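Here is a friendly walk through one structure, from its helices to its inner space. Have your viewer open and follow along.

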Amino acid sequence: MRKSDKKVQPSNVNFSLVKTAEEIKLIERACRIVAETLGLLEKYVKPGVETIELDKIAEDYILSHDALPAFKGYRVENKEYPFTLCISIDDEVVHGLPGNRKLKEGEIVSLDCGVRKEGYYGDSAVTYPVGQINEEKERLLKVTQRALELGIEAAIDGNKVYDISRAIQTFVEANGFSVNRELVGHGIGKRLHEEPAIPNFVPPLLARRQYPNLKLLENMTLAIEPMVNAGEYKVKTKEDGWTVVTADGKPSAHFEHTIVVTKDKPIVLTYR
Ligand code: MF3
Ligand code: CO
């Protein structure tokens, strides 16, 4: 989710962010399709495949399971996202557009997939290696995936949003990488992007109003999504208006799960 997307809301909206058992069942169904789509795509991630082919495979799978691609037609700043997946290669951080580019040995490719089914959303992302990748990229994938796990472990009833942020940022920085400051995780349910925003960094004092540090409550559903750069955290958007790339050209990885907050161990709805 883009920073500019979210609206600050009073913290008494908390309770509407807590889902009923019925709603969680529906979110879980959307999440199953997301996870199956990303799992299916893994075997197509090979040198020579065009990214638009991956998008087509994902769209066909989702449509044939009575669901809709959540990103297609999604409006951000008056533009509609035109594809099923966001596909971001190497220095592309997120929101890369599928097209005729062919995957090459040694690249890393982030696949971000959202689904709407029966009025509820699921959202998940994974970064896959294309064939053999170098040591830095290997470590980047491991660290980002572990950062997601640590963020998820912090998402328990009674904790706050910044506990997730801190868990992610601390681990990533201890490993010499950096976390994105422009894009954040989010609540999810009847909408793809709900409150609370979940930054992957602890906001500096002056930015704290922008990211309310809400208390996490049992049965909130959250999309936690660390975006980790191998180099510096600065990013820019390409001329296509969508693709976010690292400013220094170094690689970036993205892992995301939709989870349910519980009293102890969170439930990962988009596990593969
Ligand atoms: N997982 C991304 C997010 O939460 C979804 C991309 S939004 C779209 O922001 F605009 F590309 F559809
Ligand atoms: Co998301």
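A167 is found in helix α4, which covers residues 161-174; helices here are DSSP runs of H or I with at least four residues, strands are runs of E with at least two, and both are numbered from the N terminus. This is a predicted model, where local features need pLDDT of at least 70, side-chain atom pairs count only at pLDDT 80 or more, and totals for chains, interfaces and linings use all residues. Residues are numbered from 1 along each chain as its sequence is written, chains are lettered from A and ligands numbered from 1 in the order in which they are written, and side-chain values use heavy atoms, with hydrogens and water left out.

With a relative accessible area of 22%, A167 is partly exposed; the scale calls a residue buried under 20%, exposed over 50% and partly exposed in between, using a 1.4 Å probe and protein chains only. The C-alpha atom of A167 is separated by 8.7 Å from that of F201, and the two residues are 34 apart along the chain.

Helix α1 (residues 21-42) holds I24, a residue that is buried at a relative accessible area of 13%. I24 and N219 are 195 residues apart in sequence, yet their C-alpha atoms are 7.8 Å apart in space. H65 is in the loop between α2 (51-63) and β1 (68-69), and its relative accessible area of 30% makes it partly exposed.

## The chain as a whole

The chain has four helices and 17 strands. Its radius of gyration is 17 Å, close to the 19 Å that the globule rule gives for 272 residues, so the chain is as compact as a globular protein of that length. The radius is taken over C-alpha atoms, and the rule is 2.2 Å times the number of residues to the power 0.38. Along the principal axes, the C-alpha atoms fill a box of roughly 50 × 45 × 35 Å. Of the 272 residues, 55% count as buried.

## Rings and charges

How many aromatic pairs does a search of the whole structure find? It finds three. Rings of Phe, Tyr and Trp (its six-membered ring) pair if their centres lie within 6.5 Å; planes under 30 degrees apart count as stacked, over 60 as edge-to-face and the rest as tilted. Two of the pairs are set out here.

| Pair | Centre to centre | Angle between planes | Class |
|---|---|---|---|
| Y81 and F83 | 6.3 Å | 75° | edge-to-face |
| F201 and Y211 | 5.9 Å | 85° | edge-to-face |

F201 and Y211 both lie in the loop between β10 (194-198) and β11 (221-224), 10 residues apart. Both F201 and Y211 are buried. Y81 is buried too, at 3% relative accessibility, and Y81, F83 and W242 form one aromatic cluster.

Y233 has charges over its ring. The charged end of R181 sits 4.1 Å from the ring centre of Y233, and K234 lies over the face of Y233 at 5.6 Å from the ring centre. A charge sits over a ring if NZ of Lys or CZ of Arg is within 6 Å of the ring centre and within 35 degrees of the ring normal.

## Backbone details

Most residues other than glycine have a negative phi, and most peptide bonds are trans. The peptide bond from E195 to P196 is cis, with omega near 0°, and P196 has its place in strand β10. N78, which is not a glycine, has a positive phi near 70°. N78 is in the loop between β2 (75-76) and β3 (79-80) and is exposed at 67% relative accessibility. E118, also not a glycine, has a positive phi of about 45°; E118 lies in the loop between β6 (108-117) and β7 (120-129).

## Inner space

Rolling a probe the size of a water molecule over the atoms shows where empty space is left. On a 1 Å grid over the protein atoms alone, a cavity is a set of points where a 1.4 Å probe fits but cannot get out, and lining residues have an atom within 4 Å of a point. Grid points are joined across faces, edges and corners, and a volume is the space filled by probe spheres set on the points.

The count comes to one cavity of 30 Å³ or more, and the largest cavity holds about 200 Å³ of space. Of the 20 residues that line the largest cavity, M1, F71, C86, H95 and H193 are the closest to its centre. The lining has 11 nonpolar, three polar and six charged residues, where Ala, Val, Leu, Ile, Met, Phe, Trp, Tyr, Cys and Pro count as nonpolar, Asp, Glu, Lys and Arg as charged, and the others, Gly among them, as polar.

How values were computed. 1 Å grid on protein atoms, 1.4 Å probe; cavity = no way out; pocket = protein on both sides within 12 Å on 5 of 7 lines; lining within 4 Å.
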